[in-house]
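Here is a briefing on one protein chain. Look over the sequence and the model first, then read the points by topic.

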Amino acid sequence: MSQTAKAHDPNKLGRATEPNPDGPAPKRIIVSYGFWIFLLSDFILFSCFFAAYAVLHDATAGGPSGKDLFELPLVETETALLLLSSFACGLAGIATLARNMRWFQIAMAVTALLGAGFLALEAHEFLHLIGEGNGPGRSAFLSAFFALVGCHGFHVTLGLLWLTTMMAQTWAKGFREDILRRILCFSLFWHALDIIWVALFTMVYLMGVRG
């Protein structure tokens with residue numbers, strides 16, 4: 001058989017395109033698996049902060065407790081903003097599947113604005129507490145509170161930086177495979193922050209106000 005015939009041998013072409021069960025997994029699966037490991041490590045980190053807060057929430061050193069400090073209307077507004085941002089992030093995921101650049105950018109921009117609103121209210125809460133002399137050095141309770149809530153706020157800040165980077169990369173380079181993987185990882189990260197905040201809102205604020 002000539003070289004040309006070998007090159008066009010349908011059996012050979014079929015064998016070449018068959019997936020190798022013993023070969024490496026697709027890059028999308030590898031990236032997703034690695035990012036899930038990162039998220040699990042982040043959950044472990046927050047579990048340690050939650051455990052510290054649970055132990056120290058009564059250690060007020062004669063100072064105010066959560067019942068005296070927390071303003072539920074403000075925190076409920078923060079919660080609404082973060083949950084709505086997660087919904088907008090989901091819409092961005094749908095736009096990604098449809099390869100619709102316009103709606104992807106709009107949905108991501110809404111996600112960023114809602115996330116920024118959440119951070120602004122959280123900063124207002126922190127500054128108000130510190131201005132009244134209830135900073136993290138006031139008691140072990142407040143140290144644990146600022147550490148837990150502040151760690152979540154730091155993650156949201158990083159998420160916003162990541163989000164704007166994704167918007168710029170997608171606008172400049174389109175929906176490339178590597179960018180699609182990053183968008184998927186960002187969505188997992190942002191929704192994970194929502195899950196952590198719901199637990200934080202329940203344990204810190206709702207249970208704190210009940211005393």
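A residue counts as buried when its relative accessible area is under 20%, as exposed when that area is over 50%, and as partly exposed in between. By that rule, 40% of the 211 residues of the chain are buried. The model is predicted. Its chain has 8 helices and 0 strands.

**Overall fold**

- From the N terminus on, the elements read α-α-α-α-α-α-α-α.
- Take the contacts in the chain with a separation of 6 or more: residues 24 or more positions apart account for 82% of them.
- Cys 48 belongs to helix H3.
- Cys 48 is exposed, because its relative accessible area of 51% is over the 50% cut-off.

**Cavity**

- Rolling a probe the size of a water molecule over the atoms shows where empty space is left.
- How many cavities of 30 Å³ or more does a search of the whole structure find? The search finds 1.
- The largest cavity holds about 30 Å³ of space.
- Its lining consists of Leu 39, Asp 42, Phe 43, Phe 189, Ala 192, Leu 193 and Ile 196.
- Two helices, H3 (27-56) and H8 (177-210), each supply at least two residues of this lining.
- Which helix gives the most to the lining of the largest cavity? H8 does, with 4 residues.
- By class, the lining of the largest cavity has 6 nonpolar residues, no polar ones and 1 charged.
- Asp 42 is one of the lining residues, and Asp counts as charged.

**Salt bridges**

- The count of salt bridges comes to 2.
- Arg 176 and Asp 178 meet through their side chains in a salt bridge, at 2.7 Å from N to O.
- Arg 182 also forms a salt bridge with Asp 178, and here the closest N and O atoms are 3.5 Å apart.
- Both Arg 182 and Asp 178 lie in helix H8, 4 residues apart, or about one turn of the helix.
- Salt bridges that share partners join Arg 176, Asp 178 and Arg 182 into one network.
- An α-helix has 3.6 residues a turn, so residues three or four places apart point the same way.
- Is Asp 178 buried or exposed? Asp 178 is buried, because its relative accessible area of 18% is under the 20% cut-off.
- Arg 176 is partly exposed, with a relative accessible area of 37%.
- Arg 182 is partly exposed too, with a relative accessible area of 31%.

- Helix H5 covers residues 72-97, which makes 26 residues.
- From its first C-alpha to its last, H5 reaches 38 Å, close to the 38 Å expected at 1.5 Å a residue.
- Ser 85 has its place in helix H5.
- Is Ser 85 buried or exposed? Ser 85 counts as buried, at 0% relative accessibility.
- Which residues are in contact with Ser 85, leaving aside its neighbours within four places in sequence? They are Thr 111, Leu 114, Gly 115 and Trp 190.

**Positive phi in loops**

- Arg 99 is a residue other than glycine.
- Its place is the loop between H5 and helix H6 (101-131).
- Arg 99 counts as partly exposed, because its 42% relative accessibility falls between the 20% and 50% cut-offs.
- Ala 61 likewise has a positive phi, of about 55°, although it is not a glycine.
- Where is Ala 61 found? Ala 61 is in the loop between H3 and helix H4 (66-69).
- Ala 61 counts as exposed, because its relative accessibility of 62% is over the 50% cut-off.

Methods
Residues numbered from 1 in each chain as written. Predicted model: local features only at pLDDT ≥ 70, side-chain atom pairs only at ≥ 80, totals over all residues. Heavy atoms only, no water. 1 Å grid on protein atoms, 1.4 Å probe; cavity = no way out; pocket = protein on both sides within 12 Å on 5 of 7 lines; lining within 4 Å. Points joined across faces, edges and corners; volume = space filled by probe spheres on them. Expected span 1.5 Å × (residues − 1). Salt bridge = Lys/Arg side-chain N within 4 Å of Asp/Glu carboxyl O. Buried < 20%, exposed > 50% of the residue type's maximum accessible area, 1.4 Å probe, protein only. Contact = heavy atoms within 4.5 Å.
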